[in-house]
Structures are given as structure tokens and as C-alpha cells.
Amino acid sequence: MTTSCHAPTMVAGDRAHIEVCDLTMAFGDFVLQRDLSFSIPRGSVFVIMGGSGCGKSTLLRHILGLLEPAAGSVLLDGRQISGLEPEARESIMRRFGVLYQSGALWSSMTLAENISLPLEEYTDLRPAEIREIAALKMAMVGLRGFEDYYPSEVSGGMQKRAGLARAIALDPEILCIDEPSAGLDPISSKRLDDLILELRDSMDTTVVMVTHELPSIYAIGTDSIFLDAETRTMIASGPPVWLRDNCENPTVRNFMTRGEGENG
Amino acid sequence: MKKPVIEAVGRPDGLTLRAAGTWDIEAEMPEYGGVRTAVAALGSGDVLGYDTTDLETWDSGFLALVQRLEAIAADRGVEVDHSGLPEGARRLLSLAESSPSREDARRSTERPPAVERIGEATLDAVSEADRAVVFLGETTRSLGRFAMGRGRYRKRDLWLLVQQAGAGALGIVSLVSFLLGAILAFVGAVQLQQFGATIFVANLVGIAMARDMGALMTAIVMAGRSGAAYAAQLGSMKVNQETDALVTLGISPVDFLVAPRVLALSTMMPLLTLYAILMGIAGGALVATTMLDLSLTTYWNQTAGALSIGDIAGGLFKALVYGILIALSGCREGMRCGGSASAVGDAATAAVVSSIVAIISAAGVFAWVFYVLGI
């Protein structure tokens, strides 16, 4: 029995930063998810949950406007993201910062150069100022002193943090993060969570995160949706803690209690 | 949008920096030369404070400027008071300051003196040569194991490599050697026409293709085609730790990856060269029959009379050696590839360059040896 459960909306419509309306994601005839409707409030940490292969990362790519929706739309501040002219697209992309699953640092550049590139492309700052801002971002993510290292010379956790520093180089309004804790030990993962929260609080960033790391979800998620691979739509939405305590749907319950609530 | 402004206002115990307007690094940054001078004029015991009541928005550009001014202030023993900064900015600055500085991690950017650099380069070259000899030895042993039937490789991989290095290269080898034969015929025809000896175009094309040009052109094509591919394949396997995975299984990467490639290329090269020789003769024949009014039969008989079995055997032997050189250079560059995506590109480039250098050097040695031996 698949009963979906949705928390009562606690966000007034005008506070919605990103709105997804009746979105259907498909590759050719293969429909990945249909009828997704939710809104991401400004300043929230929005978690996209779901089992492997249900289309979480694909949803993130739709929100970023990298993929065209098969039906429905994604709105940023009430303006459609998909199907834009290249210039309009570029100005929208600058409002996003993205941290990719494996960091996706450019391997032929040092960490500082990785962070400087967006600044060089989009600002008229002098090289010395760019270097300072890059150093500041590196210090924020705890990588002071590693400016001249190449990505292959530092650990996976450090690559993630450098990726985060690159994502926030242009002070984005929206920070999209794909699997922040994948491949990190619990302590590094906790520190990354704290860092994300700190950045959100200080810069009033909206964070959209794909993850299935339960401790992270409960610790920093303020709102979430749950995508189901079987029914191919979202079967739950609301604050993660609320879902854990109130959601009756067995799939969601299993996920949120790591299967321990199966018989309870 | 208001213009961003920063100004220094004196106060009894030091200086207050008043920031106002909209700060956006993508738009414009304010002039701050005056403020910097004012901060630099402070002395020990003074206080540097902030007034941001008129500051509308701020971003990293503002933070970086604050950091820069505070670095100047810190050098002069000035006390800094962050209480006038916006809440978020204060938090970000303390986040940046709290992160431990790994001074030991910092790289020195100083250039070592010339003598040291020459020494380093020499030592590098020696150890590089050392590793090259080790690689050659390992490959030889691996081929020995292969010959004894104890090599560890997958038959399917070997056949695939044979197909890629053999049948897969026929198209490009046909084109290049056909054109080369035609070019040789053109060059020869112009000279030989002066003596009325156009029939000797057949000798020229046949002997040149069989003894040298067939093997050489095929080798250069294969260096660009297979040599680069081997370096890129092995290099990306190295980057993805696939070679490490082989080693942990107790399989030597040289057995599994290098030996089949050397074998495939060195067996296919003579066959491709034989084919290239025929294509070159065909190219020469086309020019001779259309431009020099020679009949196809005459041309063929002349070619057959000019070529000895030794010429062709010599060419095929050279091709075998070139094949081994290309495969070794490609695999060697792939195996010593660094850990990043750009290193794979470097390895492919190095493979092509080093195999072409090896091929040309070997061709020179062959020319001399064949001359001395009178072959």
C-alpha cells in the first residue's frame, strides 16, 4: 500500500525561491519521475531523498536547467529556467553554485586556480584581488595553505571542500550539492555539514542537497521531498524530522529508519 | 543600486571605516587607496572599528577588502573591533580565521640555484633511464613467459588488440601508402624523363617502398594511431587505479596489458607493411600508366624484375622492429602516467613524440647497417 504523506505547507508562496510545477522527467520514452510539485523556501536546506536510481541527481540537473523537462516547469523567483536564450541562461547560472559528487575540480589547475576561474570569468577584479578572495574562500573551508596543490595531491575530503570553495566563489544565491558526504568519514562529513549551515546562515543562501546520509539529513535539512523509484513520483514531503515521526508510508519509513522500523 | 563606498573617519582612539552602498564583485569595487593610507598611518594601541549602518548588501569582495586592511593593521599592532560589521560577515571572517593555517603545507615558490637545477635534472634523467631499462627487462621477461604459455592475459583482449592494430588500420594505411607511391612516381618521372628512362620509375617506386618507405610510413601512421591509444588507455587505467587492482590480484600489469600490446602491434606491423608496399606500387602504377604511357604489364614486369626477396624481407624486418618500438613507447608512457586527467593527454603526446623519434633513429641505424653489410 503506498500512501503518500505531505507535511502541511509552512511556507508562504512568496517566500518560495525555487518552484517546481508538475515536472515530468524522462529520457525518451522512459519516464523517470512524473508530477513533481514542490517549492523550495528561501534560506532553507532542502533535501532531495530517495533510493538509488530514482532520479535525485537528475532532478538536481533539472533545477539547474541542464536538462529540459519533458513536461511541467521549474521556476526561479517566478521565472522559468528551462528553454532560455543563452545570455539569460548564463545570468541565471551565475546565481547557482554547484558542488558535484566527486568535487569535479579541474585537474590541471591548482586548488587556488580552480577557485579563481569563476572570478576571472565573471568579474573585473585585479589578479591580486582575485588571489585574495580565493585565499579567503580556501580559509573558510579550512584549506589555508593548500593553494598551490593540485587536486590529485589532496585527499577526497579536501577535494570536496575545495569544490565547495569553488561553488561559493561568486557568492551564489543557491547552492546545489550532490552527495556532499559520499566517500567521507563521519567526522569530515559532520564538518562539511556545519560548514554548509554556517555559509547558509552568514550569506542567506538557499541550499538544495541530494543525499542519503541520514545523520546529515536530520542535522541540517529543514525541508525535503522523497522520490520513489517504483511509483515514479514523490511520495512524501516535509521537514525530515516530521517525516520520520509522522510518515506512515512503508518505503519512507524504511528509508528514514534504515529498515529498523520495518516491524515497528 | 547605490555605488559602493568606503571611507575612513577618525575617532579619538583610532579609526572607524564607514562602508555604504551596494557591494557586488561582479559590478564594481570602490576606490580604497585613501582608506589604506589611513589604516597604514595607525600605530600600536589604536583601534580599527567599523560602521556599516548604510551598507545595503555585501559579498566576498567586501570581506576580502576587510581582510586586506586588517592585515595592514595587524602589522602595526592595531587592535581590530568587528562589532560594527554585519552579523554574517563577522561569522564568515571568524570562520576563515579559525581554520588552522597549515604553514608546513605551503609550497616554496623560490627557484633553486642553477647548479641545483642542473643536478636535479641529471639525477632525474639517470633514474628515468634506470626505470626505462627496468621496464624493458620486465617486458622481455613477460614476453618470455608468454612464449612459454605462462603469460597471464585474456585471449579476447589480445584478439581485439590484433584487430585494432591490424584490420582497423587498413583504411588509413591504404590511403597514405597509395598516395606515397604516387608521389614517388611523380618525383621520379620528372627526373627520369630527362634521360628517356621513364620505365625506371617502376624500379624507384618498388625499391623505395619495399626497402624503406613502406615500413616507415606505416610506422608513423601506427605511432599516431596505436601508440597514442596505448598510452591513453594505460594512462587512464592508472588514473582510475585499475592497474593497482591488477597488482593486488597478483597479476602483473606488464603481463596483462603491455605484453599483448607489444605482441599485437609487432605481428601486425609486418603484415600492414606488406600491404602498404603493394598499395604504394599500385599508386606508382596509376601515375605511370596515366602520365608516362607505360602499360600495366610493363610496369609490373619491371617492378618484379627490380625487387629481390631480400628487399622485401628487409622492409618487413624493419617493420617488426618499428612495431615493437611503438608499442613499447606507448605502453611505457601510459604506465608512468601521473594521477590527473591532463596527465593522460601528456602521456599520449609523449608516446607519439618518443615513438617517432625512436622510429627515425632506428631507420638511420638500419640504413647504415644495411649499407655496411651490403644488403
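A: Two strands count as a pair if DSSP finds at least two bridges between them. The model here is a predicted one.

Q: OK, so how many bridges join strand S2 and strand S5 of chain A?
A: Strand S2 (residues 16–27) and strand S5 (residues 71–76) of chain A pair over 5 bridges, in the antiparallel sense. One example is Thr24(A), whose bridge partner in S5(A) is Ala71(A).

Q: What holds paired strands together in general?
A: Strands of a sheet pair through backbone hydrogen bonds, either parallel or antiparallel.

Q: And which sheet are S2 and S5 in?
A: They belong to an open sheet of 4 strands in chain A, ordered S3-S2-S5-S6, with antiparallel pairing. Its edge strands are S3 (30–41) and S6 (79–80) of chain A, each pairing on one side only.

Q: Which strands does helix H1 lie across?
A: Helix H1 (residues 56–63) of chain A lies across S2, S3 and S5 of chain A. Helix H1 runs at about 120 degrees to S2(A).

Q: New topic: what is the strand order in the open sheet of 7 strands?
A: In chain A the order is S1-S11-S10-S4-S9-S8-S7, and the pairing is mixed. The edge strands there are S1 (5–6) and S7 (96–99) of chain A.

Q: Is the pairing of S4 and S10 in chain A parallel or antiparallel?
A: Parallel: strand S4 (residues 45–50) and strand S10 (residues 223–228) of chain A pair that way over 5 bridges. Within this pair, Val47(A) stands opposite Ser224(A) in S10(A).

Methods. Residues are numbered from 1 along each chain as its sequence is written. Chains are lettered from A and ligands numbered from 1 in the order in which they are written. This is a predicted model: local features need pLDDT of at least 70, side-chain atom pairs count only at pLDDT 80 or more; totals for chains, interfaces and linings use all residues. Helices (H or I, at least four residues) and strands (E, at least two) are DSSP runs, numbered from the N terminus. Two residues are in contact if their C-beta atoms, placed from the backbone, lie within 7 Å. Axes are lines fitted to C-alpha atoms, for helices over the stretch in contact, and angles run from 0 to 180 degrees between N-to-C directions.
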